[in-house]
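Hi,

Here is the structure I promised to pass on. Have a look first, and my notes follow below.

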Amino acid sequence: MDGTFAMDHRYGLGQLYSMQRTFFWSKNSEILFSGWPGTSSGMYSLALIFVFILAVLVEWLSHCKLIKPESNQVVAGLFQTFLHAIRVGLTYLVILAIISFNGGIFLAAVAGHALGFLLFGSRSFKRSTPTPLPAKTVDV
């Protein structure tokens, strides 16, 4: 068995659609779009970089603070909703890329999320504001 299964419906012009259902390690695959990246090593590398950047971007959108506390609540709410929709859409693109079951794409997505979290979500790169020392009372 080659790890693919055929769907019950017709796809395209009479072609039976088959989808990989186990992880495989090959540059010859389809990720997100029909025929992309195909059999080209360069296009496969581009697909890996694309998924990696998408995952980093998702983490940035998950942890960024773009709305100032003093901004208009309605405008801030609309902007926050817009950012949420963009983040969810990009997350679904990463998920769709992963369900190609290509091992390289899976590793690129995990690495992108890990690097994105390290840069934007963990304490490693956060600027800490120095806490002011408590006012000293007179010792008498």
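How many aromatic pairs does the count come to? The answer is four, where rings of Phe, Tyr and Trp (its six-membered ring) pair if their centres lie within 6.5 Å, with planes under 30 degrees apart called stacked, over 60 edge-to-face and the rest tilted. One aromatic cluster is formed by Phe23, Phe101 and Phe106.

Before you dig in: this is a predicted model, in which local features need pLDDT of at least 70 and side-chain atom pairs count only at pLDDT 80 or more, while totals for chains, interfaces and linings use all residues. Residues are numbered from 1 along each chain as its sequence is written, and side-chain values use heavy atoms, with hydrogens and water left out.

Now the core. A nonpolar core here is a set of buried Ala, Val, Leu, Ile, Met, Phe, Trp, Tyr and Cys residues joined through side-chain atoms within 4.5 Å; buried means under 20% relative accessible area, exposed over 50%, and partly exposed in between (1.4 Å probe, protein chains only). The largest such core has 14 residues, and Ile31, Ala47, Val51, Leu90, Ala97 and Ile105 have the most contacts inside it. At least two of its residues come from each of helix H1 (41-63), H2 and H3, with H1 giving the largest share, six residues. Helices (H or I, at least four residues) and strands (E, at least two) are DSSP runs, numbered from the N terminus. As background, nonpolar side chains tend to be buried together in soluble globular proteins.

Leaving aside neighbours within four places in sequence, isoleucine 31 is in contact (heavy atoms within 4.5 Å) with Trp36, Pro37, Tyr44, Ala47, Ala97, Ser100 and Ile105. Two of those partners, tryptophan 36 and proline 37, are joined by a cis peptide bond with omega at about 5 degrees, and proline 37 lies in strand S4 (residues 37-38).

Leucine 32, in the loop between strand S3 (29-30) and S4, has a positive phi near 70 degrees although it is not glycine. Leucine 32 counts as partly exposed because its relative accessibility is 25%. Phenylalanine 101 also has a positive phi, near 65 degrees, and is found in the loop between helix H2 (73-98) and helix H3 (103-120). With 22% relative accessibility, phenylalanine 101 counts as partly exposed.

Last one: glycine 89 is in helix H2, and its C-alpha atom is separated by 9.3 Å from that of valine 58, 31 residues apart along the chain.

Cheers
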